[in-house]
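Please read the points with the sequence and the model at hand.

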Amino acid sequence: MNTNNIGQKLNTESFILYILNRLEPEKSDFWYLNKIAFLVEFAYMYFKEKELSGAHYAAINHGPVIDKYSEILKDMESRKLIKLDGYKIRLLDSKPVEVSKELSDFINPLIRKYSQMTHGELKALTHATDSYQITTMNEKVMGNIIDKKLSNLETFFDDTNDESVVEDIDLPRINFDKLAKYEF
Amino acid sequence: MSSDIDGYKIYQEDRKFTRAVEKLPQFVQDVLKEKIRFLAENPYHNSLNTKSFNCSSKLRKELARDGVDDVREFYINAKKYRCVFYVLHAKKMIYLATVGLHDQLNRWSK
């Protein structure tokens, strides 16, 4: 059992193994791995304001993917951790990656949730993220690394309803004599 | 850089809004700046997930006299921080009303 990750950021390989351990065999492929990794990592950043893993994410035509995922997976295959079969990924090393309970409680439901989506749904979801759209300049520029701080823009992660609590008295009237342009 | 991005012009009262923003954590400031860019392009930009701000009809009428067509809000970060703004379509203007944590908004906006 790999216990090196408890209480600290997962390395990319451990994160990949953690996800693969939780995917149904028919969904264990490049597509699900990359989309789920991106969504889980960015959801974690969004809520916890810290990185989940050392993985970087590149914005390519197929959407956000783990940067250099092909090389990483081939390297893992060479070390008999996984077996690549076309787009499919078979897990050979069944040793679980151990993480803290707090972490598993957060990410396991997300892995379950996103693995229930179809390829098309995951594509639509990840392509529509601000992180992807900003990095690709609305899908014009491909190949750049997505800044994880952009996860803060992904308010869709937070789907709870919340009512406004600011009372009327707190909202100012406009004083046109004192208007000033906002400077970026 | 000026706030004259094609679309709506962004205004505040003196530097009141900017001063409130400067009290926020740096990463929240960075995100807010990005969101205000979206706002300048389109106050109803999908990426902002704006929603109508829940205020009384009395206040809406008062603001309407200032030319305010809509009072809206968006969350900056994980619903901890939010920004309330007014939209004045005739002037193609957005007025940044207030920003902050739920329980701090009252203090900061006064």
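1. A helix is here a DSSP run of H or I with at least four residues, and helices are numbered from the N terminus. The model under review is predicted. In chain A, helix α1 covers residues 12–20, and A:Tyr18 belongs to this helix.

2. Is A:Tyr18 buried or exposed? The cut-off for a buried residue is 20 or more other C-beta atoms within 10 Å. A:Tyr18 has 25 such atoms within 10 Å and is therefore buried.

3. Beyond its neighbours within four places in sequence, A:Tyr18 is in contact with A:Leu10, A:Val97 and A:Val99.

4. Of the 19 residues of α2(A), 15 are buried, so that the helix is mostly covered. A:Glu49, with a positive phi near 60°, follows α2(A).

5. The axes of α2(A) and α5(A), the latter comprising residues 119–127, come within 11 Å and cross at roughly 40°. The crossing is left-handed. A:Trp31, A:Lys35, A:Phe38 and A:Leu39 of α2(A) make the contact with A:His119, A:Leu122 and A:Thr126 of α5(A). By class, these residues are 4 nonpolar, 2 polar and 1 charged.

Methods. Residues are numbered from 1 along each chain as its sequence is written. Chains are lettered from A and ligands numbered from 1 in the order in which they are written. This is a predicted model: local features need pLDDT of at least 70, side-chain atom pairs count only at pLDDT 80 or more; totals for chains, interfaces and linings use all residues. Helices (H or I, at least four residues) and strands (E, at least two) are DSSP runs, numbered from the N terminus. A residue is buried if 20 or more other C-beta atoms lie within 10 Å of its own, exposed if 12 or fewer, and partly exposed in between; C-beta atoms are placed from the backbone. Two residues are in contact if their C-beta atoms, placed from the backbone, lie within 7 Å. Axes are lines fitted to C-alpha atoms, for helices over the stretch in contact, and angles run from 0 to 180 degrees between N-to-C directions. A crossing is left-handed if the near helix is turned anticlockwise from the far one by less than a right angle, and right-handed if clockwise. Ala, Val, Leu, Ile, Met, Phe, Trp, Tyr, Cys and Pro count as nonpolar, Asp, Glu, Lys and Arg as charged, and the others, Gly among them, as polar.
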